[in-house]
Amino acid sequence: MVPDSSEIDWALMMLLQTDPQLQALLPDGVFDEEGAKQNCMRFVSVTLSDHADVNTFQQGGYENALYLVEAVSRSGVLTNMKDAAYRIHQLLQDGMLTVPGFTFMALYRERRTRRVERDPVDKSIRWFRRGGYYRVQMALADTATSRQPGQDADVSAQGAVA
Amino acid sequence: MAILTGRNGQVLYDPAGGAAAVAILSLNQWTASFKTDRTEVTCFGDTNKVYIPGMKDISGTVNGYWNSAETTLFEAADAATPGLLKLVPNSTEPTFFWSGLAYLDADIDVSVNDAPAVSGTFSAAGPWTREPAA
């Protein structure tokens with residue numbers, strides 16, 4: 001069966017979501033891209049920045065993804081951004097993900113990010129963002145166990161809500 | 001038949017040189033060359049250069065990624081006797097392929113930011129055939 005690449009996103013977010021130290025620093029949660037709720041002021045943002053399928057014959061190969069993972073905090077809210085970004089780095093640098101249908105290859109930072117953004121609606125509000133771009137590489141199943149050309153997709157997975 | 005994709009290419013190998021070739025895992029490219037030597041025999045009065053064919057020289061390359069569950073390429077490079085190599089452009093058309101005895105060499109390239117890449121070259125060690133024959 002073809003594995004679900006979204007499970008990689010989920011595993012990364014769960015690794016961050018379930019860490020009590022990070023939860024204490026950024027209690028409003030972990031969100032995919034800009035999906036944070038309106039009242040969130042201290043949270044982790046995870047964005048799939050780049051992705052490539054590196055293929056081999058017979059539907060093997062690996063997925064090569066780059067995630068932007070940032071601690072985000074609103075101005076006027078007391079947040080230890082230094083510790084939050086460092087905790088993210090501690091969790092992800094040479095960390096490990098367990099994802100169904102994949103074999104873990106690598107998880108590491110490629111570069112840091114640190115920026116301040118003006119709120120697009122209320123110009124008096126600043127958003128502080130600190131984190132990095134993290135490379136995630138996950139191998140697909142070997143030829144012997146992957147789907148062969150001409151085989152039907154798993155129809156039970158069709159129609160599932162993302 | 002129509003033009004098909006290379007996604008379903010295949011490289012198979014039997015170290016015993018027989019008919020039990022098994023697909024080598026984690027490869028993503030193969031090339032083969034069937035060049036024939038040419039000898040120039042241009043003579044006075046010819047309006048252009050003239051050549052006659054010599055022997056065909058069959059060789060090629062395979063490329064892919066290191067997979068610890070698949071060491072066939074390196075075992076073949078260590079072997080003192082040739083194995084049977086079978087090259088399939090698309091496994092959905094399994095009756096179309098090139099095959100023959102071949103000696104293989106292997107290389108591996110490991111860098112910090114990518115999956116280790118393996119590559120190999122092969123040279124014919126006996127007669128090669130193309131199937132189906134014309």
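Reader: Trp127(A), buried or exposed?
Author: Trp127(A) is buried at 14% relative accessible area (buried is under 20%, exposed over 50%, partly exposed in between, with a 1.4 Å probe and protein chains only). This is a predicted model, where local features need pLDDT of at least 70, side-chain atom pairs count only at pLDDT 80 or more, and totals for chains, interfaces and linings use all residues. Residues are numbered from 1 along each chain as its sequence is written, chains are lettered from A and ligands numbered from 1 in the order written, and side-chain values use heavy atoms, without hydrogens and water.

Reader: Which side chain has a polar contact with Trp127(A)?
Author: Asp119(A), at 2.8 Å (a polar contact is a pair of N or O atoms within 3.5 Å; within protein, one must be able to donate a hydrogen and the other to accept it, and residues adjacent in sequence count only if both atoms are side-chain atoms).

Reader: Switching to Glu63(A). Where is the nearest side chain of opposite charge?
Author: That is Arg135(A), 11 Å away. Glu63(A) is buried and has no salt bridge (a side-chain nitrogen of Lys or Arg within 4 Å of a carboxyl oxygen of Asp or Glu; Lys and Arg count as positive, Asp and Glu as negative, and His and the chain ends are not counted).

Reader: What polar contacts does Glu63(A) make, then?
Author: Its side chain has one of 2.5 Å with Ser5(A) and one of 2.8 Å with His51(A).

Reader: How far is Trp127(A) from Gly76(A)?
Author: They are 9.7 Å apart, C-alpha to C-alpha, and 51 residues apart in sequence.
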